[in-house]
Amino acid sequence: MILPVNSSNNYINFSADKKEPKVLEYSHDTLLKNNFANRAKINVDNLINAFTVYPAKGMTGSKNANFYEFLTMGAVPYLVGSGMLMAIFNGASKHYSPFQRVMARSTGNKLALGVLFYGIMKNISKSFISKPVKMLTGVDIEQPYAKVIYELPDDINDTDITSIEHHKVFESVEFPRWDLLYGDESKGEKRNGYYDKIAKKLGMGDNLKDSDQEVKPRIKEIVVKSTLAKNISSYLWAATGVALAAQEPWDNFFNVMTFKFWKGREFSKSIQSFGKNLVKASKALWEGQGNGIKKQSGKILIGLAAASTILGIINSVYSSKNPSNTKASDVIDKNKNYIKN
């Protein structure tokens, strides 16, 4: 039987058959800094696991496979399906006439660029909501943490029974991980330090007796409204990215495009061309083509994306500064009995 053993510095698993302990990165659920390095690490880790570890566990019928792994594998059909869609145009182009071949390659390349821009804009645009909300309220709706999962051993000699999942503190509105936001008093941290900062940001005052209890309902309201705004705006910005990739100026880039970075001059020319045609494509999307609604479609799409972001921020921040004026006396009549013996 394999037992987890806590040490003062690291978390170690011992096996009856192995003398070499396995040192794990975390000994318990740990709050992580929401910075570029951690976000990149989490994304890379999830992507690698989605193509390797998680499918293997599913196909072998592992008793440790769970819903988190199922959701993480959603990246697999997105990437594979996108590649197949592009291959339809690029892979079969040799069977087309010269003119059709040029058009097919252009379409395939724009699809590839559309997939790239969709993913980039969908992820970057989340910060269009979360960053201003954090700056104005102190609440980071994207705050990540590492969750330690204790798995069942697949056999008697299995030493790798602990896995790490990456979640967000506020991914569940009903059950946020409030416990991770309290300070560690053994390290000289103030227990309610985080909640004190939020209370001050929201104008609720300093040195509240129970700042955590006062602030939690307000945080929940901010999280709900900010998450809704983030979901709406991210898809609108993703659609804008796809529309940007469909513009004609990109054909100039595709003619000189190369990924052979060892060919310095050609690769440098490709990078410069990308920058120039990005500007031209953005201008083409804004100005539009044709007449009527078709010509204005680019402006409308960009306007909707920008408006959803601005209104989402205003709604989240304004509601946090101006909570409901409803009091207990407004819904409870003290002259009536509510408990009958």
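The model is predicted. An open sheet of 3 strands runs in the order β4-β5-β6, with antiparallel pairing. Helices α8 and α10 pack at an angle of about 110 degrees. Helix α7 has buried residues that pack against α6 and α8.

**The sheet**

- Strands of a sheet pair through backbone hydrogen bonds, and the pairing can be parallel or antiparallel.
- In this sheet the pairing is antiparallel, and the strand order is β4-β5-β6.
- The edge strands are β4 (30–31) and β6 (162–168), each of which pairs on one side only.
- Strand β5 spans residues 144–150 and pairs with β6 over 7 bridges, in the antiparallel sense.
- Within that pairing, Ala 146 has His 166 of β6 as its bridge partner.
- On the β4 side, β5 pairs over 2 bridges, again antiparallel.
- Here Leu 31 stands opposite Tyr 145 of β5.
- β5 is mostly covered, with 5 of its 7 residues buried.

**Helix α8 against helix α10**

- Helix α8 covers residues 211–245, and helix α10 covers residues 264–287.
- Their axes lie 9 Å apart, at an angle of about 110 degrees.
- α8 is therefore roughly perpendicular to α10, because angles of 65 to 115 degrees count as such.
- From α8, the contact uses Thr 240, Ala 243 and Leu 244.
- From α10, the contact uses Leu 278, Ala 281, Ser 282 and Leu 285.
- By class, the contact of α8 with α10 has 5 nonpolar residues, 2 polar residues and no charged residues.

- Helix α7 runs over residues 193–201.
- Its buried residues are Gly 193, Tyr 195, Asp 196, Ile 198 and Ala 199.
- Gly 203 follows α7 and has a positive phi, near 75 degrees.

**Points to find in the viewer**

- For the helix pair, look at Leu 244 of α8 and Leu 285 of α10, which are among the contact residues.
- For α7, look at Asp 196, one of the buried residues.

Notes: Residues numbered from 1 in each chain as written. Predicted model: local features only at pLDDT ≥ 70, side-chain atom pairs only at ≥ 80, totals over all residues. Heavy atoms only, no water. Pairing = 2+ DSSP bridges. Helix = DSSP H or I, 4+ residues; strand = E, 2+ residues; numbered from the N terminus. Axes fitted to C-alpha atoms, helices over the stretch in contact; angles between N-to-C directions. Parallel < 35°, antiparallel > 145°, perpendicular 65-115°, else oblique. Contact = heavy atoms within 4.5 Å. Nonpolar A, V, L, I, M, F, W, Y, C, P; charged D, E, K, R; others polar. Buried < 20%, exposed > 50% of the residue type's maximum accessible area, 1.4 Å probe, protein only.
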